[in-house]
Amino acid sequence: MKLLTRLVAATALTLALGSAASAKTLVYCSEGSPEGFDPALYTAGTTFDAASRTVYNRLVEFKHGSTETEPGLAESWEVSDDGLEYTFKLRPGVKFQTTEFFTPTRSLNADDVVFSFERQLKSDNPWNAYVAGTSWEYSAGMGFPELIKSVEKVDDLTVKFTLNRPEAPFLADLAMDFASIMSKEYADKLEADGQMEMLNQQPYGTGPFAFVAYQPDAVIRYKAHVDYWAGKQPIDDLIFAITTDASVRAQKLMANECQIMPYPNAADVASMQGNADLNVLEQEGLNVAYLAYNTTQAPFDKVEVRKALNMAINKQAIVDAVFQGAATVAKNPIPPTMWSYNDAVEDDKYDPEASKKMLLDAGVENLSMKLWAMPVSRPYMLNARRAAELMQADLQKVGVSAEIVSYEWGEYLEKSKVKDRDGAAMLGWTGDNGDPDNFLDTLLGCDAVGGNNRAQWCNKEFDDLVTKAKEVADQAERAKLYEQAQVVFKQEAPWLTIDHSKVFMPMRKSVKDFVQDPLGYHRFDGVDIAE
């Protein structure tokens, strides 16, 4: 962020803090800093919480606490009989936010929708590379440039998407964060002023909260959008207090310095549940944690080596130590709560002696590798460093020397997707739309190599199965294809599947109407706080 922008942000922060006493304020102790504020550029939930779920809306939205879609900026839509045309009728009179850095002259229209998608789909669009190194990771990884033939303005309040093939999860995909609708008027002003990079620094949309200021790695401030199409929020000011340490987040919650926190240490949950001032929501997470081998680099390009390493690691010990019973060992790349989960798949058994023999048979001796550990708490991995230390000790027992490496969260995400990355990277995923495609194709499909596919694994048999499953409308038939894909995944072992976790959400009892989301989002629209 430029120096001038930081000074403006800091000034706005000081002014906002001075007036906070007279407003209804909610403080959320977030677990990390956003990578940026353009949700189409990233895939991390930390970024989505800070940008798309506060500042923006989408054509369709997920109902609170559900994977079911409902009208958003589009009040209705029609799908052609062949499944190739989706025509959306926009909600009339939707107002953009008015901020210190931009005042709109018009309401939402079809131009905004066309702009929001064409910048991701067309390489010759002036906004396609407005951030250095832009890959549109989600859009590209899901094959949207090949899927979408055109996005057309029919009239001011009508937009038509034409697809090159049927896509069963398309509506659910449009409710995802990368499909957030931007203001073309704001973008045009930034382009004219030579400040295109500000679209990723000062977000601006139609959502429930308007961006006020960001003090990097410390605080993000928002204010309620007074003209929000669904009604002004009960909260006047929303603050993200960025607090990377789970223990510190808990201390702040106890002291009422923040009213909601995510991802508590497993050891703290019981005491929080017994605290009369707190509510602790919980639910089974639609998630998976995994260790992605770089399957393009020797010796991880050999399936027998990957299988051997899987057999060397005691996953139950990791679950016990990190989650204290609030997680289960994972064998598939999708969680057991998701339709099409193949329970008949057999996991790689923990067997150090068999692991040693398999490595020797593969000609691998004295292997040294890097073991990547995330620097932040995630729902599927509360303490990656501790998990990595346990893996390191297990690997040492079979003659493998593992060096644990980590980086700042945004840097970790970027470096881990590089195609020639060394070793194995620990990551995870919480489903973004409730569809198996969002795990199997998004994380393991050939289109996602170099992006979300951290294993750099492109297997034709697997890819054909998940691609066909997207084109089939019948869910039972889709499920069979996904079940077969899970068998191929397990045979090829591009990952060590680690766990599926339960998710806890502690908050002060003064917080009202917060709904825990199965998709892992932290949404504050509709939330109130007792004064």
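In this predicted model, the disulfide between Cys29 and Cys258 is left-handed, with -110° about the S-S bond. Cys29 lies in the loop between β1 (25-28) and α2 (45-50), while Cys258 lies in the loop between α8 (246-254) and α9 (266-273), so the bond ties together parts that are 229 residues apart in sequence. The S to S distance of Cys29 and Cys258 is 2.4 Å. Buried means under 20% relative accessible area; Cys29 counts as buried because its relative accessibility is 0%, and Cys258, with a relative accessible area of 0%, is buried.

The structure holds two disulfides. The other one joins Cys446 to Cys458, with an S to S distance of 2.0 Å. The torsion about the S-S bond of Cys446 and Cys458 is about 95°, so this disulfide is right-handed. When the bonded cysteines are numbered in sequence order, the pairing reads 1-2, 3-4.

Attention may now turn to the strands. An open, antiparallel sheet is formed by four strands in the order β4-β5-β7-β6. Because β4 (74-79) and β6 (148-155) stand at the edges with a single partner strand each, one side of each has no neighbour in the sheet. On average, neighbouring strands of this sheet are turned by 20° against each other, direction ignored. Within the sheet, β5 (residues 85-90) and β7 (residues 158-163) run antiparallel and are joined by five bridges; Lys89 stands opposite Thr158 in β7. Helix α3 (residues 110-121) lies across β5, β6 and β7, running at about 165° to β6.

As to confidence, the protein averages a pLDDT of 94, and 96% of the residues score at least 70. Over residues 1-21, however, the pLDDT is below 50.

Conventions
Residues numbered from 1 in each chain as written. Predicted model: local features only at pLDDT ≥ 70, side-chain atom pairs only at ≥ 80, totals over all residues. Heavy atoms only, no water. Pairing = 2+ DSSP bridges. Helix = DSSP H or I, 4+ residues; strand = E, 2+ residues; numbered from the N terminus. Axes fitted to C-alpha atoms, helices over the stretch in contact; angles between N-to-C directions. Contact = heavy atoms within 4.5 Å. pLDDT = per-residue confidence, 0-100. Disulfide = S-S within 2.5 Å. Buried < 20%, exposed > 50% of the residue type's maximum accessible area, 1.4 Å probe, protein only.
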